[in-house]
Amino acid sequence: MIKKYCAFGGCKRLVNLNERYCDKHKPKDSHVSKTSDYANEIHSSNRWRKTSRLYREANPICEACLREASKRAGKRADERAGMINISTSVDHIVPLFAGGEPYDWNNLQSLCDYHHALKSQREREQKK
């Protein structure tokens, strides 16, 4: 079978001609919500992918990290404000299962993996 290089910059692994990336560089599977089927429907739509990408481009830093850093900085000016991370996901402030608007930028926030996992865990517990 004919092979080509993985499309990830600098990767020298060979992949089949009908594939784009090697196993190491394949994009993650689409987001699967553990809270509702409605959320899964929204997150799998092209409109959501575009909204999410545009929001992350406009807000590339985790908003929860920024809030925590500003709280710490206000208390002690001599202490380092804290770690600030790049956002990896766009989260709905009011969850979709609670009636949050899926595409309203006022209901969105950029979060890093850590803060998104914390918020998602609280939401799952709240839903029970």
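Trp105 is partly exposed, its relative accessible area being 39%, where partly exposed denotes the range between buried (under 20% relative accessible area) and exposed (over 50%), computed with a 1.4 Å probe and protein chains only. The model is a predicted one, in which local features need pLDDT of at least 70 and side-chain atom pairs count only at pLDDT 80 or more, while totals for chains, interfaces and linings use all residues. Residues are numbered from 1 along each chain as its sequence is written, and side-chain values use heavy atoms, with hydrogens and water left out.

**Overall architecture**

The protein holds 4 helices and 4 strands, both taken as DSSP runs numbered from the N terminus (helices are H or I with at least four residues, strands are E with at least two). Read from the N terminus on, these elements follow the order β-β-α-α-α-β-β-α. Of the 128 residues, 34% count as buried, and the accessible surface of the protein comes to about 9200 Å², with 51% of that area belonging to carbon and sulfur atoms; accessible areas come from the Shrake-Rupley method with a 1.4 Å probe, and for residues only the protein chains shown count as cover. Among contacts (heavy atoms within 4.5 Å) between residues at least 6 apart in sequence, 47% join residues at least 24 apart.

**Aromatic rings and charges**

The structure holds 1 aromatic pair. Tyr55 and Trp105 form this pair in an edge-to-face arrangement, at 5.0 Å centre to centre and with 75 degrees between the planes; rings of Phe, Tyr and Trp (its six-membered ring) pair if their centres lie within 6.5 Å, and planes under 30 degrees apart count as stacked, over 60 as edge-to-face and the rest as tilted. The two partners are 50 residues apart and link distant parts of the chain, with Tyr55 in helix H2 (residues 46-58) and Trp105 in the loop between strand E3 (89-92) and strand E4 (108-111). Tyr55 counts as buried, at 6% relative accessibility.

Two tyrosine rings also carry a charge over them: the charged end of Lys12 sits over the ring of Tyr5, 5.2 Å from its centre, and Arg47 lies over the face of Tyr103, at 3.8 Å from the ring centre. The criterion is that NZ of Lys or CZ of Arg is within 6 Å of the ring centre and within 35 degrees of the ring normal.

| Pair | Separation in sequence | C-alpha to C-alpha distance |
|---|---|---|
| Asp37 and Phe97 | 60 residues | 9.2 Å |
| Ala39 and Leu96 | 57 residues | 6.1 Å |

Asp37 is exposed, with a relative accessible area of 67%, whereas Ala39 counts as buried at 4% relative accessibility. Glu123, in helix H4 (residues 113-127), also counts as buried, at 10% relative accessibility. Leaving aside its neighbours within four places in sequence, Glu123 is in contact with His92, Pro95 and Phe97.

**A nonpolar surface patch**

Ile61, Leu66, Ile84 and Ile86 make a nonpolar surface patch of about 340 Å². One of these residues, Ile84, lies in the loop between helix H3 (63-75) and E3 and is partly exposed, with a relative accessible area of 41%. Patches are made of residues with over 30% relative accessible area and no salt bridge, like charges being joined within 9 Å and nonpolar side chains (Val, Leu, Ile, Met, Phe, Trp, Tyr) within 5 Å; a salt bridge is a side-chain nitrogen of Lys or Arg within 4 Å of a carboxyl oxygen of Asp or Glu.
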